[in-house]
Amino acid sequence: MVVSLSDKSRLQPLRDGTPALATICSHSSLQIFHGARVEGFGSVGIAQGTPPRFYDAFPLAKPDKFLLVDRWENVHSIVPKLEESRAVIVPTGSFVEYVGPERFSALSVPVFGNRRVMEWESDREKERVWLERAGVPMPRKYRDASEVDGPVIVKYYGAKGGKGFILAKDRDELLESPIRKPHVIQEYIIGTRYYLHFFYSPISKEGYRVADGSLQLLGIDRRDEANIDELYKLGSQEGLLKSGLRPTFVVTGNVPVVLRESLLPQVFDIAGNIIETSIDLFGGMVGPFCVEGIMTEELEFKVFEISTRIVAGTNVYINGSPYSDLVAPGLSTGRRIAQELKRAAREDRLDEVLS
Ligand code: ATP
């Protein structure tokens, strides 16, 4: 499905020798390199300038080798060396942020997952079409400030970790706020945030079946977001604004959480529908993805975002989570990626998990 027939020859070197998992030295690289090692793959760390020293502190997660670029724009310069290493790139948020979606999509090295997902995820309008078609409950979207009848969050395009988002408790406050264009005005959902780490295998026939494959829940986290998570300690919004303090959502870390067990069927339904719709829209999403939403007091999960690759919140479970331990002990998302690649190679189905 994912790799076209004419490209299949690109996968031959992966069948002939031991492939390496390659990723940028950031984000969730420790568990990706550790997972590669445990499953018998090589590992390649891609860095700018000099190899980062922090891997020396984590010998079980240090990549076998580093490939260096002088600037991220020149990432294509290491393609021959990646090919020599029989590398498969594991995309993370760092690829999008440092390398950029266009340059990343153009790399002629096999990538784990379907590259086409990027165009659907990186465009907020397209992402909404996808999720609405999947029947996923989402926060209401206002076409114009004049329609607003409750609290809202104003989001910018291509924002990094919610930087500069604006909160307004009603229309009047919104109209007084300094808003740039282009933006999206969304209903502000009051509830509890959950970031659910799913994994879809198009080749596994075991477990919770979705389409021709199967779906796993490997963990759930909540993001620590500066400074919104602690602002309440300083008092009301009005008072804060007078002191020049605006809420921000810059992610500084993650904490492990579990969901009330009776809510699991609801979130599995949502994730399953997202997968089935992705197959109709662009040939399917493969591997790790994160469904990010807010559980309301009516116990309805409203999804505000989907990340279509490994998320950094999985780092709280490098040695397994309360959910992944019930799939296989000590299973991280990084290791699960390596397992999928191993199985696909064994069954000669690499074209279904790589693009
Ligand atoms: P990232 O790329 O890090 O996922 P982003 O720029 O795509 O961030 P969102 O993930 O959409 O931004 O939102 C950032 C944060 O804003 C969320 O983690 C959540 O805390 C808050 N948030 C987003 N949408 C809503 C909403 N509709 N109601 C309440 N809070 C929201």
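Entry 1: I began with Phe95, which counts as buried at 1% relative accessibility. This is a predicted model, and I keep that in mind for every entry. Phe104 is buried too, with a relative accessible area of 3%. I then looked at how the two residues sit together. The ring centres of Phe95 and Phe104 are 5.1 Å apart and the planes stand at 45°, so I noted the pair as tilted.

**Entry 2: other rings.** I searched the whole structure for aromatic pairs and found twelve. For Tyr55 and Phe66, the ring centres lie 5.8 Å apart with the planes at 55°, so this pair is tilted. Tyr55 belongs to the loop between β2 and β3 (65-69), while Phe66 is in strand β3, so the pair ties together parts that are eleven residues apart in sequence. Phe66 is partly exposed, with a relative accessible area of 21%; buried would need a value under 20%. I also noted that ring pairs link Phe33, Phe54, Tyr55 and Phe66 into a cluster.

**Entry 3: charges over rings.** I looked up two cases of a charged end over a ring. The charged end of Lys126 sits over the ring of Trp120, at 4.7 Å from the ring centre. For Arg180, the charged end sits over the ring of Tyr156, and the distance to the ring centre is 3.9 Å.

**Entry 4: Glu39.** I found Glu39 in the loop between α2 (29-38) and β2 (42-48). Glu39 counts as buried, with 10% relative accessibility. Which side chains does the side chain of Glu39 meet in a polar contact? One is the side chain of Arg335, at 2.6 Å. Another is the side chain of Lys342, at 2.8 Å. Leaving out residues up to four places away in sequence, I listed Arg335, Ala338, Gln339 and Lys342 as the residues that Glu39 touches.

**Entry 5: cysteines.** How many disulfides does the structure hold? I counted zero. Cys25 is buried, with a relative accessible area of 11%. Cys290 also counts as buried, at 0% relative accessibility.

**Entry 6: the ligand.** I counted 21 residues around the ligand, and the closest are Lys155, Ile189, Tyr195, Glu225 and Glu305. One belongs to Glu305 and lies 2.7 Å from an oxygen atom of the ligand. Another, from Gln186, lies 2.9 Å from a nitrogen atom of the ligand. Arg223 has a polar side-chain atom 3.3 Å from an oxygen atom of the ligand.

**Entry 7: backbone.** I looked up cis peptide bonds. One joins Lys181 and Pro182, with omega about -10°. Pro182 lies in the loop between α8 (171-176) and β8 (183-187). Another joins Ala226 and Asn227, with omega about -5°. Asn227 is in strand β11 (residues 213-227).

Next I looked up positive phi values. Arg86 is a residue other than glycine, yet its phi is positive, near 55°. I placed Arg86 in the loop between α3 (79-84) and β4 (87-89), and its relative accessible area of 32% makes it partly exposed. Ala211 is not a glycine either, and has a positive phi of about 50°. Ala211 is in the loop between β10 (208-210) and β11. With a relative accessible area of 38%, Ala211 is partly exposed.

How values were computed. Residues are numbered from 1 along each chain as its sequence is written. This is a predicted model: local features need pLDDT of at least 70, side-chain atom pairs count only at pLDDT 80 or more; totals for chains, interfaces and linings use all residues. Side-chain values use heavy atoms; hydrogens and water are left out. A disulfide is a pair of cysteine sulfur atoms within 2.5 Å. Buried means under 20% relative accessible area, exposed over 50%, partly exposed in between (1.4 Å probe, protein chains only). Helices (H or I, at least four residues) and strands (E, at least two) are DSSP runs, numbered from the N terminus. A polar contact is a pair of N or O atoms within 3.5 Å; within protein, one must be able to donate a hydrogen and the other to accept it, and residues adjacent in sequence count only if both atoms are side-chain atoms. Contact means heavy atoms within 4.5 Å. Rings of Phe, Tyr and Trp (its six-membered ring) pair if their centres lie within 6.5 Å; planes under 30 degrees apart count as stacked, over 60 as edge-to-face and the rest as tilted. A charge sits over a ring if NZ of Lys or CZ of Arg is within 6 Å of the ring centre and within 35 degrees of the ring normal. A residue is near a molecule or strand if one of its heavy atoms lies within 4 Å of it.
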